[in-house]
Amino acid sequence: MKRYLIGFPLVMTLLFATNCNNNGNTAPAQEVDADTIILDADQYVRFETTKGNFTIKLYRETPLHRHNMVRLARKGVYDGQLFFGIQKGYKIQSGDANSKNAKPGQEIGIDEKDDTIASEVNPWKFYHKRGAVGQASTVQFKYSTSQQFYIITGKKATTKQLTAQETVINKRYRQAVKDSITQPHAKDILTWQKYGEKKKISKLNDQLNDQADAIMKTRKSFAYSQEQIKEYTTVGGANTLDGLYTVFGEITEGMDVVEAISQLPATGKNGRPNPDVKIIRAYVLEDTGSNQE
């Protein structure tokens, strides 16, 4: 079984609504096809939970992840799911389809679905500040899982910690460059490995390292902006996830609800809150005639 929890960093990408408690007064607009794609717009998804409600603004610059959440909300996929991955001072997480019928004490946070989304990682612009919404990953760098998302509560970071993360991101960026130029040689490498041609492999590796270093000299290294440094050192977040997972939105209303969920006692290996917190329903605000802006 695949665990799609936020875990240890791997590799970064190569390229770098109105508060609606809905007391029965909001009449739905005309039915919208779940697969309707809006090409260039921020969209808002409202989550009603048993702990309170919150609204997520989805960034237009991450269209794959934005449309994925809109589509799942319109299809009712999130409705009835439970939160898991509750970690005080870090995040809350949901998106396990099997959690809808989970029995008390049952481990959740495991999903057998193989649906994935190509990464849209951009640490220069979208980072793991407090309230950031990101997608869990099956393979950090290449893919996100289609359903499991997380919301950052986070804690303050020091400038030393941020500098360390810059180093991590740039090393992973360099590895991603090398991986990309190694791929065309994959067949030869497998053949050489089969016949024990260690010298050929070593020579090619040296050549690829030189090429990767040359490419990196033409690229802008990652460094946190002054705005990001101020955000992390005064408000907080989870900077160790930057450059590794796609941030595709942020909380615009209900951060107090997110914080309250994160403060609940967590049970089990994956951090299921006690008592359970259920998503009653999730819906796109524009579909109800509401508009955040």
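Mentor: Two strands pair if DSSP finds at least two bridges between them. Strands (E, at least two residues) and helices (H or I, at least four) are DSSP runs, numbered from the N terminus. This is a predicted model, where local features need pLDDT of at least 70, side-chain atom pairs count only at pLDDT 80 or more, and totals for chains, interfaces and linings use all residues. Residues are numbered from 1 along each chain as its sequence is written, and side-chain values use heavy atoms, with hydrogens and water left out.

Trainee: How do you know that E4 and strand E8 pair?

Mentor: E8 covers residues 149-152, and four bridges join E8 to E4 in the antiparallel sense. The rule asks for at least two, so E4 and E8 pair. Take Lys 91: the bridge partner in E8 is Ile 152.

Trainee: What makes strand E3 and E4 a pair?

Mentor: Strand E3 spans residues 83-87 and runs antiparallel to E4, with three bridges between them. Phe 83 has Ser 94 in E4 as its bridge partner. The two strands form a hairpin with three residues between them. In that turn, Gly 89 has a positive phi of about 70 degrees.

Trainee: Why is Thr 182 called buried?

Mentor: Look at its relative accessible area: 19%. Buried means under 20%, exposed over 50%, and partly exposed in between (1.4 Å probe, protein chains only). The value of 19% is under 20%, so Thr 182 counts as buried. Thr 182 sits in helix H2, residues 159-182.

Trainee: What is Thr 182 in contact with, leaving aside neighbours within four places in sequence?

Mentor: Ile 189 and Leu 208. Contact means heavy atoms within 4.5 Å.

Trainee: How do you know that Gln 148 is buried?

Mentor: Its relative accessible area is 0%. That is under the cut-off, so Gln 148 is buried. Gln 148 lies in the loop between strand E7 (143-145) and E8. Ser 137 is eleven residues away from Gln 148 in sequence, and their C-alpha atoms are 8.2 Å apart.

Trainee: Where are the buried residues of E4?

Mentor: On both faces of the strand, which covers residues 91-94. Lys 91 and Gln 93 are buried on one side. Ile 92 and Ser 94 are buried on the other.

Trainee: Now the rings. How many aromatic pairs does the structure hold?

Mentor: Eleven. One of them joins Tyr 127 and Tyr 232.

Trainee: Why is the pair of Tyr 127 and Tyr 232 called edge-to-face?

Mentor: The centres are 5.5 Å apart, with 65 degrees between the planes. Rings of Phe, Tyr and Trp (its six-membered ring) pair if their centres lie within 6.5 Å; planes under 30 degrees apart are stacked, over 60 edge-to-face, the rest tilted. The angle of 65 degrees is over 60, so the pair is edge-to-face. Tyr 127 is in the loop between strand E5 (116-118) and strand E6 (132-135), and Tyr 232 is in helix H5 (residues 226-234), so the pair ties together parts 105 residues apart in sequence. Tyr 127 and Tyr 232 are both buried.

Trainee: What makes Tyr 224 and Tyr 232 edge-to-face?

Mentor: Their ring centres are 5.7 Å apart and the planes meet at 85 degrees, so this pair is edge-to-face. Tyr 224 and Tyr 232 are both buried.

Trainee: Which residues do ring pairs link into a cluster?

Mentor: Phe 47, Phe 54, Tyr 78, Phe 83 and Phe 149.
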